[in-house]
Amino acid sequence: MAVSSYNDVLTSVQAEIENAASGHEAMTRALAELKKQMASYTWAGIYLLEGRELVLGAFFGKPSPHTRIPLDRGICGAAASTGATIIVDDVNADPRYLACSIETQSEIVVPIMHGTKVLGEIDIDSDQKAAFTAADRDLLEAIARLLAAKLVP
Ligand code: SME
């Protein structure tokens, strides 16, 4: 996808987040916009950190068995523990991976930070191998910053 298209997606997701009446509505509207615009994103969810567990707050795609993930489990737990984005080009080659669907081939997890504190994360799966590039990372990190601003008034 062209860089200009990524900018267009960010602009439309930003409008959804800014027009939302609550943090939860912002998460739902951001995901709905990504579902509409990003064909390679097969499953997407936003987890919020509650104590030492990540709790699934909103998602699109098939229901996941992983609605609560401890910080020491999965790619989700690894990203939240380090506060850094993780891209996995081939989930079947990553021993940390917790399977959600047998069709999933690659994954990106982007922490939602407030300063150095992890509020939660955006988790996206794709049915294509190596679906996530630096442009996806930049887009999702920008969305994570917008969500953080909405989640911490
Ligand atoms: N794959 C994630 C678990 C969440 S499901 O993909 C929805 C992980 O390894 O942490």
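Me: How many Å from an oxygen atom of the ligand does a backbone N or O atom of Leu-98 lie?
Reply: The model is a predicted one. Among the 13 residues that surround the ligand, Leu-98 is listed with the closest, beside Ile-75, Cys-76, Glu-107 and Asp-125. Its backbone contributes an N or O atom whose separation from an oxygen atom of the ligand is 2.8 Å.

Me: Which residue has a polar backbone atom 2.9 Å from an oxygen atom of the ligand?
Reply: Helix H3 spans residues 74–82, and its buried residues include Ile-75 and Cys-76. For Cys-76, a backbone N or O atom lies 2.8 Å from an oxygen atom of the ligand. The residue with the value of 2.9 Å is Ile-75.

Me: What is the order of the strands in the open sheet?
Reply: The sheet has 6 strands with antiparallel pairing. Strand E3 (68–70) and strand E4 (86–88) each pair on one side only, and are thus named as the edge strands. From one strand to the next the twist averages 20°. The order is E3-E2-E1-E6-E5-E4.

Me: Which residue in E6 stands opposite Tyr-47?
Reply: Strand E1 (residues 43–50) and strand E6 (residues 117–126) run antiparallel and are joined by 6 bridges. Opposite Tyr-47, the residue in E6 is Glu-121.

Me: Which element gives the most residues to the largest nonpolar core?
Reply: The largest nonpolar core has 31 residues, and those with the most contacts inside it include Leu-140, Ile-143 and Leu-147. Two or more residues come from each of helix H1 (3–18), H2, E1, E2, E5, E6 and H4. Setting aside residues up to four places away in sequence, Leu-147 touches Ile-17, Ala-26, Met-27, Ile-46, Ile-112 and Ile-122. With 7 residues, the element that gives the most is H4.

Me: How many residues does the second, separate core have?
Reply: Tyr-47, which stands opposite Glu-121 in E6, is one of the residues of this second core. Ile-69, Tyr-97 and Val-118 are also included, and the core has 18 residues.

Me: Is Ala-80 buried or exposed?
Reply: The place of Ala-80 is in helix H3. Beyond its neighbours within four places in sequence, Ala-80 is in contact with Leu-54, Leu-71, Val-118 and Glu-121. Because its relative accessible area is 7%, which falls under the 20% limit, Ala-80 is classed as buried.

Me: How many Å apart in space are Ala-80 and Tyr-47, C-alpha to C-alpha?
Reply: In sequence, Ala-80 and Tyr-47 are 33 residues apart. The C-alpha to C-alpha separation of Ala-80 and Tyr-47 is 9.8 Å.

Me: Which strands do the buried residues of H3 pack against?
Reply: H3 is mostly covered, with 7 of its 9 residues buried. Those buried include Gly-74, Gly-77, Ala-78 and Ala-79. Just after H3, Gly-83 takes a positive phi of about 70°. The strands against which the buried residues of H3 pack are E1, E2, E3, E4, E5 and E6.

Technical notes
Residues numbered from 1 in each chain as written. Predicted model: local features only at pLDDT ≥ 70, side-chain atom pairs only at ≥ 80, totals over all residues. Heavy atoms only, no water. Pairing = 2+ DSSP bridges. Helix = DSSP H or I, 4+ residues; strand = E, 2+ residues; numbered from the N terminus. Axes fitted to C-alpha atoms, helices over the stretch in contact; angles between N-to-C directions. Core = buried A, V, L, I, M, F, W, Y, C linked by side-chain atoms within 4.5 Å. Buried < 20%, exposed > 50% of the residue type's maximum accessible area, 1.4 Å probe, protein only. Contact = heavy atoms within 4.5 Å. Near = heavy atom within 4 Å. Polar contact = N/O pair within 3.5 Å; in protein donor to acceptor, adjacent residues only side chain to side chain.
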